[in-house]
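Have the sequence and the model open side by side for this one. We'll take a short walk through a few spots.

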Amino acid sequence: MLIDMERVLEGRGAVVVGGSRGVGRAVAELLARLGAGVVVNGRDPDAVAAAVDTIDGAVGFAGSPTDEPTAEGLIGTCTKHFGRIDILVNCAGIAEPAGSSILTVTGAQFDTLMAGHIGTAFHTCRAAAGHMVAQRSGAIVNTSSFAYLGDYGGTGYPAGKGAVNGFTMAIAAELREHGVRANVVCPGARTRLSTGAQYEQQIRTLHRRGLLDDVSMHAALDPAPPDYVAALYAYLVSDLARGVTGQILIGAGNFVGRFARPRPDLLGYRDHSASPPWSLDELHAMISGEVSPPGGE
């Protein structure tokens, strides 16, 4: 099948959540250049208007789709203006409060972070999925972060991003038979959330505490512009990636990678019908690798 790379998304209707700034704006601009009709979403109406002014044919929809009515309205705007919803990209994010940890984060702050990440992904994906299933095609890309591994501190932000990963893997499995794909991108890029004295101090502090190695610290302090990762999103929503679903990909500068799907390593096995439960010292030997428990001879 021959594909016109310059207009690979011609005739597609796209929604970019968080498309008024940062990575989301770079994605929205690229999707439009590739032929898609784009709905740009963001919480700040002025930022949405400014983005739409620079993107040919785009329409704006301001608001936070952390609730069902706003998410439904956002998807409805796309079907109204472009006749269909083929592409959903979630790039919205909320930064962890400065210095936040499980010792300091409040319940309200944690709930806000979870709503901003997994809540937004859930409501927008649920609003779009029915349309995509009906037309037997569609592509969803949700945004996660290296932070889900816990190396960058905080609680609500990594928890929210980890939830996005699990949620996306689940909907990829559910929607595959309907011709709808879902993937995750963990981007590294210079945005409002990854610049400034406070951000740099946080990265250096994490390095000093041993949470970040030298390579990770330098990469975090000198990220590439958002344009460098936008192409990965565009690829995933195009027909070129028609066989790609249920993957967690990494894009940072000119680095592209993939998180392997987690699989269990067998530590021990015995038939439960013929053996008693594992004892604590047996579990210790398997899990810690030590033959004798602490204090044992």
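Predicted model: local features only at pLDDT ≥ 70, side-chain atom pairs only at ≥ 80, totals over all residues.

Residues are numbered from 1 along each chain as its sequence is written, and side-chain values use heavy atoms, with hydrogens and water left out.

Start with helix 2, residues 45–54; helices here are DSSP runs (H or I, at least four residues) and strands likewise (E, at least two), numbered from the N terminus. Ala47, Val48, Ala51 and Val52 are buried in helix 2, where buried means under 20% relative accessible area, exposed over 50%, and partly exposed in between (1.4 Å probe, protein chains only). Those buried residues fall within an arc of 135° seen down the axis of helix 2, so they line one face of the helix; the arc is that of the directions from the helix axis to the C-beta atoms. Their cover includes helix 1 (22–33), strand 2 (37–42) and strand 3 (59–62).

Now hop to Thr120 in helix 4 (residues 107–135). Skipping neighbours within four places in sequence, Thr120 is in contact (heavy atoms within 4.5 Å) with Val17, Pro65, Thr66, Asn90 and Ala115.

Last, the surface: Tyr235 sits in helix 8 (residues 227–237) and is partly exposed, with a relative accessible area of 34%.
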